[in-house]
Amino acid sequence: METETMLTTFDNPFDPFDEFVPWFLFDIEKGYYTCSRLARIARYSEEFSTIEDKLETERAIDEIIDNDFLCIYKKVTRSTVNGEEKQEKENASEAETVENAENEASDEATEA
């Protein structure tokens, strides 16, 4: 099981995992620029593995929260089972294939 971590503000009503675009627009509109702040604090390296990138992101989030004198930031996490998202993408791909086949069949029937 994997844990994903993101930084958000207490007043942002959107889920940064599932509703990133509205979350981001709200964040920018309020002048928080959370993604930019996180990018400035995190010390990434091209030599980092994916796991090391995630650990560095979490460290930077913790640092931002520790120094947050306005108390506007919070850390949100969600757990995922390895391969769960991949399975969802595969299911979506299969559904598209079936839908395309049905559309082609109806097009052929219309032409005949």
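Reader: Which residues does T34 touch, not counting residues up to four places away in sequence?

Author: T34 touches L7, T9, W23, D27 and Y73, where contact means heavy atoms within 4.5 Å. The model is a predicted one, in which local features need pLDDT of at least 70 and side-chain atom pairs count only at pLDDT 80 or more, while totals for chains, interfaces and linings use all residues. Residues are numbered from 1 along each chain as its sequence is written, and side-chain values use heavy atoms, with hydrogens and water left out.

Reader: Why is T34 called buried?

Author: Buried means under 20% relative accessible area, exposed means over 50%, and partly exposed lies in between, with a 1.4 Å probe and protein chains only. T34 has a relative accessible area of 1% and is therefore buried. This residue lies in helix α2.

Reader: Where is D11 found, and why is D11 called partly exposed?

Author: D11 is found in the loop between β1 and α1 (20–29). Its relative accessibility is 37%, so D11 counts as partly exposed. Leaving aside neighbours within four places in sequence, D11 is in contact with F26, K30 and Y32. The C-alpha atoms of D11 and K30 are separated by 9.7 Å, and the two residues are 19 residues apart along the chain.

Reader: What makes C71 exposed, and where is C71 found?

Author: At 57% relative accessibility, C71 is over the cut-off and so counts as exposed. C71 is found in the loop between α3 and β2 (73–80). This residue also has a positive phi, of about 55 degrees, although it is not a glycine. The C-alpha atoms of C71 and T9 are separated by 8.8 Å, with the pair 62 residues apart along the chain.

Reader: How many disulfides are there, and how is C35 classed, buried or partly exposed?

Author: A disulfide is a covalent bond between the sulfur atoms of two cysteines. The rule applied here asks for a pair of cysteine sulfur atoms within 2.5 Å, and by this rule the count comes to 0 disulfides. C35 has a relative accessible area of 31% and is therefore partly exposed.

Reader: What makes a space a pocket, and which residues line the largest pocket?

Author: On a 1 Å grid over the protein atoms alone, a pocket is an open set of points where a 1.4 Å probe fits, with protein on both sides within 12 Å along at least five of seven lines; lining residues have an atom within 4 Å of a point. T3, E4, T5, M6, F17, I51, K54, L55, T57 and E58 line the largest pocket. The elements that give two or more residues to this lining are β1 (2–9) and α3 (50–66). The most comes from α3, with 5 residues.

Reader: What volume does the largest pocket have, and what volume does the second largest pocket have?

Author: Grid points are joined across faces, edges and corners, and a volume is the space filled by probe spheres set on the points. The largest pocket has a volume of about 220 Å³, and the second largest pocket has about 160 Å³. For the second largest pocket, the elements that give two or more residues to the lining are α2 (34–41) and α3.

How values were computed:
Helix = DSSP H or I, 4+ residues; strand = E, 2+ residues; numbered from the N terminus.
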